[in-house]
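Thanks for coming. I have one structure to go through today, and I will define the terms along the way.

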Amino acid sequence: METTEKRTFNKRAFTSVAMFFSGLLLPVSGIINHQIAFTPLTREHHFWMSVHNISALIFIVCAIAHIIYNRKALINYINKVKTRAVSREALYAAIMVIGVVWLFSSHALHVR
């Protein structure tokens, strides 16, 4: 049985997928920018800087839209957190983010 009704555009799904793809571009373009950081401003360098900057902008806009579209779930989560200590998942997520950021950025402290 086929349905001929037209689906509406799912803004939540669009936002999530756009945020995912722009988030994938960020580390790729960031690593390439890091590799060519000390070259003169060539077309290639300008291209990768532009890719990184617009990917970051798309990611931020989509992240804000994602928060707006999912505000009810986020408000419920925040209200639950108020009644109990920090969840194990939140603690592990914080430790993981801090650890990975420290691991990848601490090399800068050893450069002379």
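Predicted model: local features only at pLDDT ≥ 70, side-chain atom pairs only at ≥ 80, totals over all residues.

I58 is partly exposed, because its relative accessible area is 38%. On this scale, buried means under 20% relative accessible area, exposed means over 50%, and partly exposed is in between, with a 1.4 Å probe and protein chains only. I58 is found in helix α2.

Residues are numbered from 1 along each chain as its sequence is written, and side-chain values use heavy atoms, with hydrogens and water left out.

F47 is also found in helix α2. Is F47 buried or partly exposed? With a relative accessible area of 47%, F47 is partly exposed. The C-alpha atoms of F47 and S29 are separated by 9.6 Å, and these residues are 18 apart along the chain.

Now the helices. The protein chain has four helices and zero strands, where helices (H or I, at least four residues) and strands (E, at least two) are DSSP runs numbered from the N terminus.

Two packed helices are described by the angle between their axes and the distance between the axes. Helix α1, residues 11-35, packs against helix α2, residues 43-69, at an angle of about 150°, and their axes are 7 Å apart. The axes are lines fitted to C-alpha atoms, for helices over the stretch in contact, and angles run from 0 to 180 degrees between N-to-C directions. α1 and α2 are therefore roughly antiparallel to each other; angles under 35 degrees count as roughly parallel, over 145 as roughly antiparallel, 65 to 115 as roughly perpendicular and the rest as oblique.

Next, the aromatic pairs. How many does the structure hold? There are three aromatic pairs. Rings of Phe, Tyr and Trp (its six-membered ring) pair if their centres lie within 6.5 Å; planes under 30 degrees apart are stacked, over 60 edge-to-face, and the rest tilted. The ring centres of F9 and F14 are 5.5 Å apart and their planes are at 50°, so this pair is tilted. F20 and F21 form an edge-to-face pair, with 5.5 Å centre to centre and 65° between the planes. F9 is exposed, because its relative accessible area is 60%.

Last, the whole chain. Buried residues make up 16% of its 112 residues. Along its principal axes, the C-alpha trace spans about 60 × 45 × 25 Å.
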